[in-house]
Amino acid sequence: MSLAHDVLRVEHLTMRFGGLVAVHDLSFVARHGEITALIGPNGAGKTTVFNCITGFYRPTEGRIALQSGDPSVWQHIDALTASPAQSRVRRKGALYLLERMPDHSVARQARVARTFQNIRLFRGMTVLENLLVAQHNPLMRASGFSIFGILGLTPFRKAERSAIERATQWLETIGLIDRADDPAGDLPYGDQRRLEIARAMCTEPVLLCLDEPAAGLNPRESADLSELLISIRDRHKTAVLLIEHDMSVVMQISDHVVVLDYGEKISDGTCEEVKNDPNVIAAYLGVEQEEVETVATEVGL
């Protein structure tokens with residue numbers, strides 16, 4: 001794996017809802033070609049962090065910066081922050097301040113893709129159509145916002161062929177090419193999960209955010225999911241950020257793990273470092289840190 005550079009920098013993120021502090025002074029990074037897992041007990045603030053990164057919430061405080069292209073553009077981050085702009089785009093790369101951007105701009109301009117805990121496929125559309133819908137923006141631009149498409153001009157035909165080729169490649173990757181013309185709602189649950197991830201990847205994201213992708217999967221489906229995410233990391237070098245409760249998946253595929261508890265970061269490191277951190281064990285067992293050894297012995301850890 002090539003040397004990783006930061007794609008996402010979350011710095012001193014705080015999110016308040018009235019008097020409730022859901023996330024407090026959180027900082028971490030996600031890197032190019034790495035899988036970063038954001039874990040923690042229920043109510044730890046993980047989904048709130050995702051909502052801030054993807055533009056659904058505007059954070060109370062903090063900076064959320066994303067880089068694409070040449071990593072040397074990071075040298076402009078302070079100048080961008082001091083300006084009123086949302087982004088700084090150069091020929092070789094771009095910087096975005098996600099906390100200043102609405103969700104549709106985070107997705108379209110900064111190229112941050114997201115899946116949700118509850119599957120959000122277009123169930124009545126075919127499997128192939130779900131992947132083509134994800135490429136709606138470039139197709140609309142190539143169609144001249146309909147007129148080139150209606151006339152069947154060359155720019156639109158080329159874009160359409162490219163979209164179909166990309167969709168077909170992803171269907172082959174997830175093993176669903178034989179079901180391309182079936183309604184997405186007819187697929188088994190595990191196939192729907194992988195189709196949703198493939199749909200997100202059809203947007204060619206810089207950062208892929210996955211909200212509990214293994215939820216509801218059986219062991220075989222979880223293994224297929226892990227294989228897909230490792231492929232996305234290794235073949236496409238996409239930065240992956242996931243929330244996950246299935247620790248077998250997290251420990252198998254993650255390069256980097258960030259642990260939250262009550263909205264605060266309590267651990268940040270490799271799988272091995274996090275797994276052996278007394279703060280993490282205490283948070284998951286629901287005990288004070290000084291009680292960890294006693295309780296862990298009682299439950300056989």
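Student: Hi! Which residues of α9 are buried?

Tutor: S222, L225, S226, L228, L229, S231, I232 and R233 are the buried residues of α9. Keep in mind that we're looking at a predicted model.

Student: Okay, and what is the distance between the end C-alpha atoms of α9?

Tutor: They are 25 Å apart. Helix α9 covers residues 219-236, and its 18 residues should span 26 Å at 1.5 Å a residue, so the two values agree.

Student: Nice. What does N218 do at the start of α9?

Tutor: A side-chain oxygen of N218 comes within 3.1 Å of the backbone nitrogen of R220 there.

Student: And what follows α9?

Tutor: K237 does, and its phi is positive, near 60°.

Student: Back to the inside. Which residues touch the most other members of the largest nonpolar core?

Tutor: L171, L195, L208 and I232 do, in a core of 40 residues. I232 is also one of the buried residues of α9.

Student: Which helix gives the most to this core?

Tutor: Helix α8, residues 189-201, with 5 residues. There is also a second, separate core of 33 residues, including L26, L38, F50 and L207.

Student: Which residues does L208 touch?

Tutor: Leaving out residues up to four places away in sequence, L208 touches A113, I197, A200, M201, I232, T238, A239, V240 and L241.

Student: What about C209: which strand is it in?

Tutor: C209 sits in strand β8, which runs over residues 207-211.

Student: Is C209 buried or exposed, and why?

Tutor: C209 counts as buried because its relative accessibility is 0%, and the cut-off for buried is under 20%.

Student: Who does C209 touch, then?

Tutor: Again not counting residues up to four places away in sequence, C209 touches F50, I53, T54, V112, A113, R114, T115 and L241. A239 is 30 residues from C209 along the chain, with 8.7 Å between their C-alpha atoms.

Student: Let's zoom out. How many helices and strands does the chain have?

Tutor: The chain has 13 helices and 11 strands. Of its 301 residues, 48% are buried.

Student: How many of the contacts join residues at least 24 apart?

Tutor: That's 65% of the contacts between residues at least 6 apart in sequence.

Student: Last one: where is confidence lowest and where is it highest?

Tutor: Helix α13, residues 292-299, is lowest with a mean pLDDT of 46, while strand β1, residues 6-17, is highest at 98. The chain averages 88, and 86% of the residues score at least 70.

Notes
Residues numbered from 1 in each chain as written. Predicted model: local features only at pLDDT ≥ 70, side-chain atom pairs only at ≥ 80, totals over all residues. Heavy atoms only, no water. Helix = DSSP H or I, 4+ residues; strand = E, 2+ residues; numbered from the N terminus. Expected span 1.5 Å × (residues − 1). Buried < 20%, exposed > 50% of the residue type's maximum accessible area, 1.4 Å probe, protein only. Polar contact = N/O pair within 3.5 Å; in protein donor to acceptor, adjacent residues only side chain to side chain. Contact = heavy atoms within 4.5 Å. pLDDT = per-residue confidence, 0-100. Core = buried A, V, L, I, M, F, W, Y, C linked by side-chain atoms within 4.5 Å.
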